[in-house]
Amino acid sequence: MKKALVTSLLIIAAIPMLIAVAALPRHGALDTPVQTGISAHYLEFGVEEAGAENIVTDVILNYRGFDTEFEVTVIFTSLAAVLALLLGASTAGATLSRPGSGVRPSVVVRFVVRLLAPFTAMFAIYVILNGHVSPGGGFQGGAVLGALFITLTVVLGGARVAGAFPEASRRWLQIAAPLTFAVAGVAGVLLTGFYLGYPTEVGLHWLRTFMIIAIEIGIGVGGAAIIATLFIVMEAE
Amino acid sequence: MSTAFDITLLLLLIATALAVARLKDLLAAAVVFSTYSLVMCLLWLHRGAPDVAMTEAAVGAGVTTVLFLIAIGRTTRREK
């Protein structure tokens, strides 16, 4: 009885949703707001106005810069919440030991990870630094960098990887993304009078590109540090 | 060709999503969920969003799966 009721309720709820989906414009149709609205402006003037050849980066860091700034703040806040929950419970805090099951990865896994690690790192850095030209940027490169950190920790053991990141610098790495955004924002106030404003004068294009790359690096480093910290804190005993 | 590829991926996506919801073994569910992310990644790539595909592969298939596995290791493997 209850099951029949739930099923019929779900079907009733599904009907308007499916009708709405059927009424959606076709993917890539020319008369949709996506094509007729602001997007056309972005595509035509984005490179000139915002300064990055990759239009996605133009939108993320320039046109919708505030969105992105508070997005990275939200990510940092979520890390803070996880730290407060998990570190509050344990007295030892995040020690980079690798307890787990004590099973070492097979020699094949260890060899492949060690072989690919430098190339993965180089790819991540390329994605971060090239975000204003090609698809990618801080979020993508940071995710790859964080994943690399996790695989290296699993294979080499936490102690060796943690040696590269002293306790004091870790806090700064974790907050890197909101911090660089704030610095770039204040620099924008000084340069143009607007928070997160990018200079548009012809002679200052190098500075605009520099600001974009600096923010990308900040997002990449911060994202990687947050992913790595989540892993460390969850795994630590 | 292109449409057939899309439809195959979408069917695979639905199948893995249903499997994740149905599986009682959480370890198996986590692994199937990473397959879901991988299929999703291919779809993003095919839809012309390589940057989203990259994030999906690294975060969806990689990092979240690792975090799920740790969480399962610290709790229980079977759904109650």
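Predicted model: local features only at pLDDT ≥ 70, side-chain atom pairs only at ≥ 80, totals over all residues.
Colleague: How do H9(A) and H11(A) lie to each other, parallel or oblique?

Modeller: Two packed helices are described by the angle between their axes together with the distance between those axes. In this structure, helix H9 (residues 167–174) of chain A and helix H11 (residues 205–235) of chain A have axes that come within 8 Å and cross at roughly 120°. H9(A) and H11(A) are therefore oblique to each other. Angles under 35 degrees count as roughly parallel, over 145 as roughly antiparallel, 65 to 115 as roughly perpendicular, and the rest as oblique. The axes are lines fitted to C-alpha atoms, for helices over the stretch in contact, and the angles run from 0 to 180 degrees between N-to-C directions.

Colleague: Which residues make the contact of H9(A) with H11(A)?

Modeller: H9(A) contributes A:Arg170, A:Leu173 and A:Gln174, while H11(A) contributes A:Val221, A:Gly222, A:Ala225, A:Ile226 and A:Thr229. Two residues are in contact if their C-beta atoms, placed from the backbone, lie within 7 Å. By class there are 4 nonpolar, 3 polar and 1 charged residues. (Nonpolar: Ala, Val, Leu, Ile, Met, Phe, Trp, Tyr, Cys and Pro; charged: Asp, Glu, Lys and Arg; polar: the others, Gly among them.)

Colleague: What scores does the model carry, and what is the average pLDDT of chain B?

Modeller: The model scores ipTM 0.84 and pTM 0.82. Chain B averages a pLDDT (the predictor's confidence in each residue, from 0 to 100) of 90, and 98% of its residues score at least 70. Among the elements of chain B, the highest mean pLDDT, 93, belongs to H2(B), and the lowest, 89, to H3(B).

Colleague: How many helices and strands does each chain have?

Modeller: Chain A has 11 helices and 0 strands, whereas chain B has 3 helices and 0 strands. (Helices, H or I of at least four residues, and strands, E of at least two, are DSSP runs numbered from the N terminus.) Along its principal axes, the C-alpha trace of chain A spans about 70 × 60 × 40 Å, and that of chain B about 45 × 25 × 10 Å.

Colleague: How do H2(B) and H3(B) pack?

Modeller: Helix H2 (residues 26–46) of chain B and helix H3 (residues 50–74) of chain B have axes 8 Å apart, at an angle of about 175°. That makes H2(B) roughly antiparallel to H3(B). Their contact has 17 nonpolar, 4 polar and 1 charged residues. Among them are B:Phe33 and B:Trp44 in H2(B), and B:Phe68 and B:Ile72 in H3(B).

Colleague: What part of each chain is buried?

Modeller: A residue is buried if 20 or more other C-beta atoms lie within 10 Å of its own, exposed if 12 or fewer, and partly exposed in between, with C-beta atoms placed from the backbone. Buried residues make up 30% of the 237 residues in chain A and 24% of the 80 residues of chain B.

Colleague: Is A:Leu148 buried or exposed?

Modeller: A:Leu148 lies in helix H7 (residues 138–156) of chain A, and it counts as buried because it has 24 C-beta neighbours inside 10 Å. Neighbours within four places in sequence aside, A:Leu148 is in contact with A:Ala117, A:Thr120, A:Ala121 and A:Ala124. The C-alpha atoms of A:Leu148 and A:Pro118 are separated by 9.5 Å, although these residues are 30 residues apart along the chain.

Colleague: Where is B:Ala19 placed?

Modeller: B:Ala19 is in helix H1 (residues 2–22) of chain B. With 15 other C-beta atoms within 10 Å, B:Ala19 is partly exposed. From B:Ala19 to B:Phe33 the C-alpha distance is 8.6 Å, at a separation of 14 residues in sequence.

Colleague: What is the phi of A:Leu196?

Modeller: Most residues other than glycine have a negative phi. A:Leu196 is not a glycine, yet its phi is positive, about 60°. The place of A:Leu196 is the loop between helix H10 (176–192) and H11 of chain A, and A:Leu196 is buried, with 21 other C-beta atoms within 10 Å.

Colleague: How many residues does each chain bring to the contact between chain A and chain B?

Modeller: Chain A brings 17 residues and chain B brings 12 residues. The side of chain B that touches chain A has 8 nonpolar, 3 polar and 1 charged residues.

Notes. Residues numbered from 1 in each chain as written. Chains lettered and ligands numbered in written order.
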